[in-house]
Amino acid sequence: MKRKILIAVIAVLAVVLGLAGVKAWQIHTLIAAGQAFAPPPETISSAVAHEEKWQDTLTAVGSINAVQGVTVSPEIAGTVSEIAFESGAVVARGDLLVRLDTSSEEAQLRAVEAQVELARLNAERTRQLRTNNTVSQSELDAVEATVKQQQANADAIHATIEKKTIRAPFAGRLGIRLVNLGELLEAGKAIVSLQSLAPVYADFSLPQQELARLKTGLAVRVSSDTYPDQHFDGTLTAINPDLDATTRSVRLQATFANAEQLLRPGMFVRVEVIFPEEQTVLAVPATAILSAPYGDSVYVIESHPAKNGGKPEAVVSQKFVRTGRSRGDFISILSGLKAGERVVSAGVFKLRNGMSVQENNDLVPKAVEKPGPSDS
């Protein structure tokens, strides 16, 4: 009986040892296969860091304002009796816009003018009597004062009538009419917007660090999403004498002829102040920059010899860089990179230092300095 039990135990141990040996062999095989496995190279696009001549510029955002712009409104209340303009019309200075009802003022004016005429006749008779010493000088003075008083009353009524005749204060383009015939207008109520569109101003701000470089007469260029394929050239005409104490920036104003009246007051624009000198910069596509809280970096493609004596393989190496200003699809590199080095321009987010890569530049759009929408 003991012999049978011993044989059974030995058989079980043999089976267990056999299974353990098989499992150990399998694990060893998997480890060896894992050590020998090389992941396929990642497909990326590349570009060469190259030097370019860029005109020195300062960029900002701003808004367009009219050289002259106003919301036309009455000084005194009245009822609209005539509207002499159409919405969106171009008007000259002095053109009639709106006339308020002046029937009561005109009646008062006729009555006062009659009193003025009577006062003048009385003054003329009194002067003749004064030549004969029939009346005193004080009586003549009182009559002449009455003439002036009545004339002043007539002038006041005439001024009220003029204020109820609302005219364009300057030449420009009208907006949408905001009043109707017969409407009772309170003093200060908007009638229509009047804007002078040629020329116009572009107002913007720049940091105080740039103040020493700025001077009136510099060329300024603006662009807007409204006209993606156009830019407008103007001149820096005003620099604010004081700085904003909160943002430490200086306000500037550029003037644009705007002959075609494409720029409109209130329009958002991107502004470039252009300096006459050019600078040599090291440019790479902006997509090559990997931004992170600890700094910007690029992946440089380096050629390493193959392990098995085959073709050299391309391996990426991460380098930290300091970036400057951008221009179209490019950005300038101030430090950390050399001209001629090949960098990854697409696919940077899936890379890590030392990874092998495979270049394919067929599917990525070419970076340009003045990007625009494709026609295809």
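**Cores, strands and helices in a predicted model**

Modeller: In this predicted model, the largest nonpolar core has 24 residues, and those that touch the most other members are Phe-204, Leu-206, Leu-214, Val-222, Phe-256, Leu-263 and Val-273. At least two residues of this core come from each of the strands S2 (50–72), S9 (192–207), S10 (219–224), S11 (227–243), S12 (249–256) and S13 (268–285).

Colleague: With what is Leu-206 in contact, leaving aside its neighbours within four places in sequence?

Modeller: Beyond those neighbours, Leu-206 contacts Leu-58, Thr-59, Ala-60, Leu-214, Ser-249, Val-250, Leu-252 and Val-273. Another core, of 16 residues, lies apart from the largest one and includes Val-98, Ile-166, Ala-168 and Leu-174.

Colleague: What joins S2 to S9, and how do S2 and S13 pair?

Modeller: S2 is joined to S9 by 10 bridges, and the two run antiparallel; in this pair Gln-68 stands opposite Ser-196. S2 and S13 are also antiparallel, over 13 bridges, with Trp-54 opposite Gln-279. Two bridges are enough for two strands to count as paired, so S2 is paired with S9 and with S13.

Colleague: Why is Thr-57 called buried?

Modeller: The relative accessible area of Thr-57 is 15%. The term applies under 20%, so Thr-57 is classed as buried. Thr-57 belongs to strand S2, and its contacts beyond four places in sequence are Glu-272, Val-273, Ile-274, Phe-275 and Arg-325.

Colleague: What makes Gly-88 partly exposed?

Modeller: Its relative accessibility is 31%. Gly-88 sits in the loop between S3 and strand S4 (90–91). Not counting residues up to four places away, Gly-88 touches Arg-173, Leu-174 and Gly-175. Gly-88 and Arg-177 are 89 residues apart in sequence, while their C-alpha atoms are 8.4 Å apart in space.

Colleague: Why are strand S6 (165–167) and strand S8 (184–185) said to stand at the edges?

Modeller: The open sheet has four strands in the order S6-S5-S3-S8, with antiparallel pairing. S6 and S8 each have a single partner strand, so one side of each lacks a neighbour in the sheet. Within the sheet, three bridges join S3 (residues 78–83) to S5 (residues 96–100), and Ile-83 stands opposite Val-98.

Colleague: What makes H2 roughly antiparallel to H3?

Modeller: Helix H2 (residues 103–131) packs on helix H3 (residues 137–163) at an angle of about 160°, their axes being 8 Å apart. Angles over 145 degrees count as roughly antiparallel, so that description applies to H2 and H3. The crossing of H2 past H3 is left-handed.

Colleague: Why do Arg-248 and Gln-261 count as partly exposed?

Modeller: Arg-248 has 49% relative accessibility, and Gln-261 has a relative accessible area of 24%. Exposed would require over 50% and buried under 20%, so Arg-248 and Gln-261 are placed in between.

Colleague: Which peptide bond is cis?

Modeller: The bond from Ala-198 to Pro-199 is cis, with omega near 5°. Pro-199 is found in strand S9.

Note on methods
Residues numbered from 1 in each chain as written. Predicted model: local features only at pLDDT ≥ 70, side-chain atom pairs only at ≥ 80, totals over all residues. Heavy atoms only, no water. Core = buried A, V, L, I, M, F, W, Y, C linked by side-chain atoms within 4.5 Å. Buried < 20%, exposed > 50% of the residue type's maximum accessible area, 1.4 Å probe, protein only. Contact = heavy atoms within 4.5 Å. Axes fitted to C-alpha atoms, helices over the stretch in contact; angles between N-to-C directions. Parallel < 35°, antiparallel > 145°, perpendicular 65-115°, else oblique. Left-handed = near helix turned anticlockwise from the far one by under 90°.
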